[in-house]
Amino acid sequence: KDFTLPQFARTSDIYVYLPKSYQLNTKKTYPVLYMLDGQNIFDAHSAHSDEWRIDEQLEELTTKGTLDEIIVVAVPNSAQRWVEYNPWDFKDRDGKASKGQGELSIRAIKDTLKPFIDSKYRTDPQPAATGLAGSSLGGLMAIYAALDHSDTFGFTAAFSPALAIEDMDGKNVLFEAIKKHKNSGNSKIYFDMGRMEYDNYDQIEQLNNLLIKQGFKPENLKLVKDDLGRHCEVDWSRRFPAALAWLRAGI
């Protein structure tokens with residue numbers, strides 16, 4: 001409750017899901033998945049539209065034994081979401097220059113929230129056991145985390161990442177950042193797109209090709225195309241189980 005985020009000089013409630021075995025197996029440590037737009041993850045009452053039903057889905061999957069247990073930490077966005085979820089400077093909806101604060105958002109998790117979670121709960125703090133997931137602008141943040149913060153986030157999931165954000169020169173901010181990227185790291189990246197969002201898969205395929213060109217191993221990338229997919233929590237939630245299963249496979 002009212003967790004302090006000094007990077008933004010504000011507080012935020014943080015929602016934490018603990019697996020069923022957490023209270024019973026007191027020697028077990030768990031991987032952790034941090035999820036952006038956290039108000040939409042567990043509770044329909046706090047969600048802007050629909051909730052992801054992550055807690056219900058994890059209960060079902062872990063009970064069936066199709067997925068290992070995991071802690072999920074949901075981090076709500078603020079009213080400044082467009083700024084806080086843009087890792088690079090960008091052209092806003094009015095055509096004006098806006099300074100992205102995505103690095104501060106990652107630092108808030110990496111430097112402040114994660115150390116607290118690791119100290120309070122029985123987590124596996126290693127990068128291979130630490131993930132970040134988000135949708136739309138949150139998906140953009142997940143890819144950014146894989147690019148520049150793979151020392152913390154060993155797996156990331158970008159559901160329908162925002163691929164239309166441009167800088168003042170009209171260039172795609174994500175694609176330009178990938179082209180300039182020097183170190184591919186070892187993060188596993190899941191990313192998807194629904195055909196109904198852009199009418200085609202051109203941009204998501206370009207993203208995949210750029211990542212491979214810059215040195216990301218194809219086996220560490222998972223591109224999913226959903227012909228019936230829309231830009232909404234219901235469809236992201238539907239794709240979540242398979243995404244997490246792939247990200248955690250072999251770990």
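Contact here means heavy atoms within 4.5 Å. The structure is a predicted model, in which local features need pLDDT of at least 70 and side-chain atom pairs count only at pLDDT 80 or more, while totals for chains, interfaces and linings use all residues. Residues are numbered from 1 along each chain as its sequence is written, and side-chain values use heavy atoms, with hydrogens and water left out.

Helices (H or I, at least four residues) and strands (E, at least two) are DSSP runs, numbered from the N terminus.

Two strands pair with β5, pairing being at least two DSSP bridges. Strand β3 (residues 15-17) is antiparallel to β5 over three bridges, with Tyr15 opposite Ala74. Strand β4 (residues 32-36) runs parallel to β5 and is joined to it by five bridges; here Leu33 has Val72 as its bridge partner. Between β4 and β5 the chain passes through helix α1, residues 54-64.

Helix α1 also meets helix α8 (residues 233-248), their axes, lines fitted to C-alpha atoms over the stretch in contact, coming within 11 Å and crossing at roughly 45 degrees. In this contact, Ile54, Gln57, Leu58 and Leu61 of α1 meet Ser237, Phe240, Pro241 and Leu244 of α8.

Notes:
A crossover is right-handed if, with the strands pointing away from the viewer, the path from the first strand over the helix to the second runs clockwise. Axes are lines fitted to C-alpha atoms, for helices over the stretch in contact, and angles run from 0 to 180 degrees between N-to-C directions.
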